[in-house]
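Please read the report below alongside the sequence and the coordinates. It begins with the metal sites and then turns to the chain as a whole.

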Amino acid sequence: MGPADLHVHSTVSDGTVDPAGLLAEAAGIGLPAIALTDHDSTAGWAEAAAAVPVTGVALIPGMELSTREQWVSVHLLGYLVDPLHEGLLAETAMIRESRLTRAEEIVRRISRDYDLTWDDVLAQTAEGATIGRPHIADALVARGHVVDRSAAFAGILHPRAGYAQPHYAPDPVTGVRLIRAAGGVPVLAHPGTRGAQRVMPESKIAELVEAGLFGLEVDHPENRPDAKEPLRALAARHGLAVTGSSDYHGAGKANRLGEHRTPAEVVARIVDEATGSAPVLP
Ligand code: AMP
Ligand code: FE
Ligand code: FE
Ligand code: ZN
């Protein structure tokens, strides 16, 4: 397997391209492998796997598990988990259920001030998809209240605006243990988006390493430039791998598919360590 883009979202969560379409786009830009990492769901794996022989693009099935430390949302990429692991199934079902009731509550609050209904949000959400603020953002765009998702996140959906609220999520140590228990390989997603001064404390990173953390997603479009060298040093001190990914969401974000990639030797180590499932090769 060649270098891979290890963080990609489809319509199974808040991306705008369906799983098969993502593999077709990867083929179109000569990207040899991608990981499908929808939020709290493996529901896109089958469709993506079916597109492997058609496109010649290798698939590393994964997910992006939502966790929370205090009030800060922490995302964990879990590669090659067993999609039928009972603990993981139960936890992700609970998170998705809470995401749904939370989205309904956010829409209820917004609808006091803006013309917006729950049906507007459903119209932007694929059947069975893990719902999130991006779907509410798309509904706000369709109603003409904002121009795009970014404007919605900067305004109405920003916590300061008073409408958004968090959903249930386990703590990151529990998340790392769960991904390992399901035979998967856990990587801390975009740890530098809030700058070098606000990376997770090293003592907490050490706890995650103790729990089984494999790596840090250092090369990510939203990690701030000043955070990257400190993150590389942190990875070196704790024996963590360093990954690179785009966090592509289709038209939902400026991130371009394949803009960051993980070297083949790191991808091979992930495949070697995983016992939950196997990559799908052309
Ligand atoms: P939620 O899952 O409801 O907490 O929403 C967070 C999701 O929204 C993340 O997966 C991000 O990819 C996406 N997101 C965050 N900020 C933005 C933005 N400015 N523009 C588009 N998508 C965003
Ligand atoms: Fe997302
Ligand atoms: Fe994320
Ligand atoms: Zn993501």
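## The two iron ions

In this predicted model, the iron ion (ligand 2) and the iron ion (ligand 3) are 5.5 Å apart. Residues are numbered from 1 along each chain as its sequence is written, while chains are lettered from A and ligands numbered from 1 in the order in which they are written. Local features need pLDDT of at least 70 and side-chain atom pairs count only at pLDDT 80 or more, whereas totals for chains, interfaces and linings use all residues, and side-chain values use heavy atoms, with hydrogens and water left out.

## Site of ligand 2

His 39 counts as buried because its relative accessibility is 7%, where buried means under 20% relative accessible area, exposed over 50%, and partly exposed in between (1.4 Å probe, protein chains only). His 249, at 5% relative accessibility, likewise counts as buried.

## Site of ligand 3

Glu 64 (OE), His 75 (ND1) and His 190 (NE2) coordinate the iron ion (ligand 3) at 2.1 to 2.2 Å, with a sequence spacing of E-x10-H-x114-H. Glu 64 belongs to strand 3 (residues 58-69) and His 75 to strand 4 (residues 72-79), so this pair ties together parts that are eleven residues apart in sequence. Both Glu 64 and His 75 are buried.

## The chain as a whole

The protein chain has ten helices and seven strands, defined as DSSP runs numbered from the N terminus (helices H or I, at least four residues; strands E, at least two). A compact globule of 282 residues would have a radius of gyration near 19 Å, and the 18 Å of the protein chain agrees with this; the radius is taken over C-alpha atoms, and the globule rule is 2.2 Å times the number of residues to the power 0.38.

Along its principal axes the C-alpha trace spans about 50 × 45 × 35 Å, and 54% of the 282 residues count as buried.

Technical notes:
Donors = N, O, S within 2.8 Å, 3.2 Å for Na, K, Ca; no water.
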